[in-house]
Amino acid sequence: MKQFSFLLITAMVMVGCKSTTNTTPRHFTNSLGMRFVPVPGTEVRFCIWETQVKGYAAYASANKGVNAKWKSPGFVQVDTHPVAKVNWNDAQAFCAWLTKKEQTTGKIKAGQRYRLPTDAEWSVVVGLGKET
């Protein structure tokens with residue numbers, strides 16, 4: 001049996017929404033088609049699916065030097081599958097790129113940004129409740 005070793009960008013959050021609650025819709029779809037929804041017990045919006053190949057491809061084509069391992073994960077993928085074979089640094093860079101892109105175009109406001117969820121936020125999302 002072949003072992004796979006890779007990281008999926010399993011969750012991405014948009015933060016800075018608390019201060020704009022009255023002016024920002026509850027559900028938000030960004031320029032890559034990623035839909036974010038509020039999660040009770042957190043102050044962030046979570047994307048409803050993993051970062052897809054097509055979104056990561058947009059990032060990779062806009063940035064030189066992106067590790068190309070995601071293009072050949074060792075199994076068949078289509079544009080709507082979760083991107084695989086990216087590491088934590090790759091995921092952080094993707095979030096930073098998307099933040100800058102969307103702030104520049106006015107899709108998100110100054111003070112809002114994309115990032116990976118904290119352990120505490122993830123615990124709430126998966127039903128473990130708030131950490132004490």
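This tour moves through a predicted model, from the whole chain to single residues.

**Conventions**

Residues are numbered from 1 along each chain as its sequence is written, and side-chain values use heavy atoms, with hydrogens and water left out. Because the model is predicted, local features need pLDDT of at least 70 and side-chain atom pairs count only at pLDDT 80 or more, while totals for chains, interfaces and linings use all residues.

**Stop 1: the whole chain**

Select the protein chain and display its secondary structure. Three helices and five strands are assigned, where helices (H or I, at least four residues) and strands (E, at least two) are DSSP runs numbered from the N terminus. Along the sequence their order is β-β-β-β-α-α-β-α.

The chain exposes about 7,900 Å², an accessible area from the Shrake-Rupley method with a 1.4 Å probe, for which only the protein chains shown count as cover in the case of residues. Carbon and sulfur atoms supply 55% of that area. Of the 132 residues, 38% are buried; buried means under 20% relative accessible area, exposed means over 50%, and partly exposed lies in between (1.4 Å probe, protein chains only).

Contacts may be drawn as well, a contact being heavy atoms within 4.5 Å. Among contacts with a separation of 6 or more, 63% join residues 24 or more positions apart.

**Stop 2: confidence**

Colour the chain by pLDDT, the predictor's confidence in each residue, from 0 to 100. The mean over the chain is 81, and 80% of the residues reach 70 or more. Helix α1 (residues 53-62) has the highest confidence, at 95, and strand β1 (residues 13-15) the lowest, at a mean of 61. Select residues 1-10: their pLDDT is below 50, and this stretch has 26 contacts in the model beyond near neighbours in sequence. Residues 17-24 also have pLDDT below 50, with eight contacts beyond near neighbours in sequence. Where pLDDT is low, the predicted coordinates should not be read in detail.

**Stop 3: the nonpolar core**

Select M34, Y56, W70, F94, L98 and Y114. In the largest nonpolar core, which has 21 residues, these touch the most other members. Such a core is a set of buried Ala, Val, Leu, Ile, Met, Phe, Trp, Tyr and Cys residues joined through side-chain atoms within 4.5 Å. The elements giving two or more residues to this core are α1 and α2, and α2 gives the most, with five.

Now show the rings of Y56, Y59, W70, F94 and W97, which form one aromatic cluster. The count of aromatic pairs comes to eight, for rings of Phe, Tyr and Trp (its six-membered ring) whose centres lie within 6.5 Å.

**Stop 4: the cysteines**

Select C47 and C95. C47 counts as buried because its relative accessibility is 9%, and C95 counts as buried at 2%. How many disulfides does a search of the whole structure find? The result is zero, a disulfide being a pair of cysteine sulfur atoms within 2.5 Å.

**Stop 5: two loops**

Select I108, in the loop between α2 (88-105) and β5 (113-115). I108 counts as buried because its relative accessibility is 3%. A C-alpha to C-alpha distance of 8.5 Å separates I108 from N30, 78 residues away in sequence.

Finally, select S31, in the loop between β2 (28-29) and β3 (35-38). Is S31 buried or partly exposed? With a relative accessible area of 39%, S31 is partly exposed. Leaving aside residues up to four places away in sequence, S31 touches L98, K101, E102 and K107. S31 lies 10.0 Å from I108, C-alpha to C-alpha, across 77 residues of sequence.

Notes
Rings of Phe, Tyr and Trp (its six-membered ring) pair if their centres lie within 6.5 Å; planes under 30 degrees apart count as stacked, over 60 as edge-to-face and the rest as tilted.
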